[in-house]
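Dear colleague,

I am handing over the structure below, and I would be grateful if you could look through it with the notes that follow. They begin with confidence and then turn to the aromatic rings and the packing.

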Amino acid sequence: MFEARLVQGGLLKKVLDSIKDLVTDANFDCSPNGFSLQAMDSSHVSLVALLLRSDGFDHYRADRPISMGMNLNNMAKMLKCAGNDDIITMKAEDAGDTVTFMFESPNQERISDFELKLMDIDSEQLGIPDTDYAATVKMPASEFQRICKDLASIGDTVLISVTKDGVKFSTTGDIGSANITCRQNTSVDKPEEQTTIELNEPVCLSFALRYLNSFAKATPLSHTVTLSMSKELPVVVEYRIGDLGHIRFYLAPKIEDEEMEDEA
Amino acid sequence: MFEARLVQGGLLKKVLDSIKDLVTDANFDCSPNGFSLQAMDSSHVSLVALLLRSDGFDHYRADRPISMGMNLNNMAKMLKCAGNDDIITMKAEDAGDTVTFMFESPNQERISDFELKLMDIDSEQLGIPDTDYAATVKMPASEFQRICKDLASIGDTVLISVTKDGVKFSTTGDIGSANITCRQNTSVDKPEEQTTIELNEPVCLSFALRYLNSFAKATPLSHTVTLSMSKELPVVVEYRIGDLGHIRFYLAPKIEDEEMEDEA
Amino acid sequence: MFEARLVQGGLLKKVLDSIKDLVTDANFDCSPNGFSLQAMDSSHVSLVALLLRSDGFDHYRADRPISMGMNLNNMAKMLKCAGNDDIITMKAEDAGDTVTFMFESPNQERISDFELKLMDIDSEQLGIPDTDYAATVKMPASEFQRICKDLASIGDTVLISVTKDGVKFSTTGDIGSANITCRQNTSVDKPEEQTTIELNEPVCLSFALRYLNSFAKATPLSHTVTLSMSKELPVVVEYRIGDLGHIRFYLAPKIEDEEMEDEA
C-alpha cells in the first residue's frame, strides 16, 4: 500500500508540467525514502531525476517499495483537473494496476478522485556518481529561462563560459551572433535575485539549446536554478522544490567537432 | 417597427458569444413580451431557448410580432464591435430585410451603426411543457464549466448522480476514470458560491460532455447555473441573465445501451 | 563609426515591431541628423518613413553618413532579446558588414551584445513633398486601431469622411454594412483622449483596410495618431515617438472604380 498526501498539491501539478514534454512514459518509485523518478528523455539524450522526499509530504506511507509505470501526459491531464490550492493524495495498492489521485478543495466542498491505469515500462536505474564540480552557478531561474529562449532565436548551441566574475552565454547562427553576460552579484537584498558563482576552475562547455529550453519548463517550481559544470561531464541543471525535494536534469556537453560543424 | 435599447449592451455581446458556436442560423422573435429565440443546435441534438423580456430593456417597442432570421456568427461579429460599456439599440422595420445595431459609447463621442442582412430561415417553435423536475441543482457556473472541461479530458460521457448530500459527476475513458463530487453547501456567505439541491427523488443520468461544454460558454452571463433533471427527460441547463431573462439549454440523456457501448 | 545610445531602449523594440510585418528588408540611414528609414512595403503599395532624431538619443555619433541594410525580422528577433527597461546601444564601423546591438539591464548586472549581419539592398529615396492637407484628424491611437480592426471584420475598404463635426469610417461587405462616427471632442481633460479636426475642406477618401491595420501596429508607440488627408493624395498616418521622432505611413486612396467593384 502506497499513500502520500500533499497539502500544497499545486507543486505536484508543476512537477508534471515541467517533465511531461521531455519524458513520455516512466516508472515512479515509491519507497520509504520518497517518491522518485529517473528517466531518459524520449530521444535518449538527457536524463531527468526527480525526488520528492517522504518527510516533505504531509502524510506518507509506503509499506514496501513499488514502482508505478505511467504515461506522463495522461498523469498531467489528471493533475490538471486539481485546483492550484487543492490537497492532493496519491494512493495505490501494492499489486494494483491503477493509481488514484484524490483532490480536495480547501473548503472540502469538492472532492475528486481520478484513477489512472498503470503500464509496464522497462527501465534501468542509472547510478549517478557524486561529483565535485569545477563551477557551480546559482542564478534566478527566470533569468536562465529567458537567456535560453533568447539565444535559441539566434542559434542552436550555447557556449557557457564561467569565470569568477560572471557567466557568459554565447551562440552563433545564420543571422549573426549573441553574447549574454551575467555578472556575479551577491549584493541585492533578495537572495533569489542573486547570481553567485562557486569556482574551482574556469569552465567553457557547449550544449544544445533545445534541451536547456526543455529543462527551463521547471522554472515555475523554484526562484533559482543551479548549473553545475565540469569539463567533459554532463551539466546538472537543478531546481529545488521547496522543502520537498528537487528535480535535476543532466545533459552531456557537445564535443569540439560537433560545435565546429554547427558553426560551419 | 421594432426597437430595443439596452444600456448594459455588454450583456447582448455575451448572449451571442454563448450560442454562436452551437447554433448557426436562427430566427429571433420580437414580440411585445420580449426578444426571444428557440433553435436546435446544428447537429439537431440539443435545443437553445433564449428570452430577453421586454421590461428588462431600457426602451422596448414591438408594434407587431416580427421574426428576424440571422446568421449568428455574423451577428456576433457585429456585436463584437460594440464596446463592453456601450449602449446597444436594435432596430428593424416590420417588413425590412435588415436589422440595425447601434452602439453608443458611454460619453456619446463615438456612435456606430451596423446593418446586418436578414435571411429566411424555416423553423418551427417547439412547445416545451412545464415540468416538475425530480432534482434541481443550483451551483456556481464557473464550477460547472470547470467540471465539464476537466471530465472531457478523460471521457466523452458524464454520469450525473444527484442525492440529497451532493451531486457527483463521473466519467470513464481510455486512460482511466474520474469522479467529482460537489457537496450541498448553503453556509457560505455569498449566495453565488452556494451549491443547493432540491430533491424529490434521486436521479442518475448520462449526457454527452461535448454539449455540456458548449452550454457552459454561457458562464460569463451568470454567477450560477441551474441543472433540472428527471428520469428519461432532457436536462435543462439554465443561466439567468440579470433581470433581463434567461438562456436555457435542453439535452436528452443517453440511454443505457449507449453508455455501455461507450464504456466498452 | 556610428554609435547611438538610447536609455529608453523599449522604444526601439516597439519601432521594429510596428514595421517588421510591413517591410521585409530595408536600409537604415545613419547621418548626423539621425537614424532614419524609408521603405515601400513588400507589395509596393504603401510607404513607411521613420525618423529618430540624433538629439533624441542619449548619445549619438555618426562620423559620416552610412547606410545599413537589414532584414527587419532578424533585427526584431535580436531586439526582442532586450528587456523593456534595458539601455540599447547600436554600433557599426563605417565599412563593416555587421551592426552590434548592446543591451544593458538597468542595474548593469546583465550585458548582452548581439551582432547582426548586414545585407546589400537596392533602394532609392523618394522625395516626399510638404503638403497642406485639406483635413487633419488627431485621435487616440487605440481608437483608430480598434475601428480599423472592427471594420475589417465586415468589409475590405473603408471610406473616411471628415467634416468639421467629426470623422466617419464606413464599410460594406457581404454580411451588411457599418458606420463608425467619432465626434470632434476637445473637452476631455487628457489631451491624448481628444479627437480634434483641422479642416480646410471636407474630404471623403477610400482606403484598403488591410494596410491601415498594418499601420496600426505602431499603436504602442504613441497615445495619439494623426491622419492627414487631401483629395487624390496619399493619406499620412503618423505616430509620434516621444521627443525622439516619428513614424509615418503613406497610402494612396482607392479610386472610384475600384470602390464600385469592391461593393459589387
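This is a predicted model, and chain A averages a pLDDT of 93, with 97% of the residues scoring at least 70. Over residues 259-264 of chain A, however, the pLDDT is below 50, and this stretch has six contacts in the model beyond near neighbours in sequence. Where pLDDT is low, the predicted coordinates should not be read in detail. For the model as a whole, the scores are ipTM 0.90 and pTM 0.92.

Turning to the aromatic rings, the count over all chains, taking ring centres within 6.5 Å as the criterion for a pair, comes to 24 aromatic pairs. One of them joins Y239(B) and F249(B), whose ring centres are 6.3 Å apart with 80° between the planes, an edge-to-face arrangement. Y239(B) belongs to strand β17 (residues 235-241) of chain B and F249(B) to strand β18 (residues 245-251) of chain B, so this pair ties together parts that are ten residues apart in sequence. Both Y239(B) and F249(B) are buried.

In chain C, the rings of F215(C) and F249(C) have their centres 4.7 Å apart and their planes at 10°, and because planes under 30 degrees apart count as stacked, the pair is stacked. Here F215(C) lies in helix α4 (residues 209-215) of chain C, while F249(C) lies in strand β18 (residues 245-251) of chain C, so the pair ties together parts that are 34 residues apart in sequence. F215(C) is buried, with a relative accessible area of 0%, and F249(C) also counts as buried, at 0% relative accessibility. Also in chain C, the charged end of R210(C) sits over the ring of Y211(C), 5.0 Å from its centre.

In chain A, ring pairs link F2(A), F28(A), F35(A), F57(A) and Y60(A) into a cluster.

Finally, T195(B) is found in the loop between β13 (176-183) and β14 (196-199) of chain B, yet T195(B) counts as buried, at 5% relative accessibility. Not counting residues up to four places away in sequence, T195(B) touches K138(B), M139(B), P140(B), R183(B), Q184(B), N185(B) and T186(B).

Notes. Residues are numbered from 1 along each chain as its sequence is written. Chains are lettered from A and ligands numbered from 1 in the order in which they are written. This is a predicted model: local features need pLDDT of at least 70, side-chain atom pairs count only at pLDDT 80 or more; totals for chains, interfaces and linings use all residues. Side-chain values use heavy atoms; hydrogens and water are left out. Rings of Phe, Tyr and Trp (its six-membered ring) pair if their centres lie within 6.5 Å; planes under 30 degrees apart count as stacked, over 60 as edge-to-face and the rest as tilted. Helices (H or I, at least four residues) and strands (E, at least two) are DSSP runs, numbered from the N terminus. Buried means under 20% relative accessible area, exposed over 50%, partly exposed in between (1.4 Å probe, protein chains only). A charge sits over a ring if NZ of Lys or CZ of Arg is within 6 Å of the ring centre and within 35 degrees of the ring normal. Contact means heavy atoms within 4.5 Å. pLDDT is the predictor's confidence in each residue, from 0 to 100.
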